[in-house]
Amino acid sequence: MRRILGLDIGDKRIGIAVSDLLGMMAQPLYTLTRKSTKDAINEIAEIIQKEDIKQVVVGLPKNMDSTEGIQAKRTRDFSQLLLEKTNSNIEIIYCDERLTSKMAKQSLSHMKQAKAKEKKLIDTAAAVHILQGYLDSKK
């Protein structure tokens, strides 16, 4: 089996999660602070190569009425750049990410309030929720 990468792509940060080798459990990796799109693409491409990733599950931020807005377009554009950087050696899978940040905050609620509100933790937890939702749908 190969690992699957999960991404929660935002304008300032990107939450990153990775599956276990069996493809059953999503594990938090870290949150990447975006200095530039190029740097973020390069760093994620390095993870893809290092972990021998063939599938990337990307949270697609849809509006509550299921339409796609400007942030969904930015997410698709970022994913296209990632495909180009990796010479299309990966498959991008989009998953609806509505309410994943809310679920991530709830899953961190057992932590001290100040720590649970830290945006980096929330972004990584959101990536875990996105990836775990995809993994669960494959069972």
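Q: Is arginine 2 buried, partly exposed or exposed, and what is its relative accessible area?
A: Arginine 2 is partly exposed, with a relative accessible area of 44%. Buried means under 20% relative accessible area, exposed means over 50%, and partly exposed is in between (1.4 Å probe, protein chains only).

Q: What kind of model is this, and how are residues numbered?
A: This is a predicted model, where local features need pLDDT of at least 70, side-chain atom pairs count only at pLDDT 80 or more, and totals for chains, interfaces and linings use all residues. Residues are numbered from 1 along each chain as its sequence is written, and side-chain values use heavy atoms, with hydrogens and water left out.

Q: OK, back to arginine 2. Which side chain does arginine 2 meet in a salt bridge?
A: That of aspartate 52, at 2.8 Å from N to O. A salt bridge here is a side-chain nitrogen of Lys or Arg within 4 Å of a carboxyl oxygen of Asp or Glu.

Q: Which residues are in a network with Lys54?
A: Arg2 and Asp52 are linked with Lys54 in a network of salt bridges.

Q: How many salt bridges are there in the whole structure?
A: A search finds seven. One of them joins aspartate 123 to arginine 13, with the closest N and O atoms 2.5 Å apart. Aspartate 123 is in helix α5 (residues 119–137) and arginine 13 in strand β2, 110 residues apart.

Q: Is aspartate 123 buried or exposed?
A: Aspartate 123 counts as buried, at 11% relative accessibility. Arginine 13 is partly exposed, at 21%.

Q: New topic: which residues of α1 are buried?
A: Ala40, Ile41, Ile44, Ala45, Ile47 and Ile48. They cover an arc of only 155° around the axis, which puts them on the same side of α1. That arc is taken from the directions from the helix axis to the C-beta atoms.

Q: And which residues are exposed on the other side of α1?
A: Lys38, Glu46, Gln49 and Lys50 are exposed there.

Q: What do the buried ones pack against?
A: The buried residues of α1 pack against β1 (4–9), β2 (13–19), β3 (26–33), β4 (55–60) and α2 (70–85). Contact means heavy atoms within 4.5 Å.

Methods:
Helices (H or I, at least four residues) and strands (E, at least two) are DSSP runs, numbered from the N terminus.
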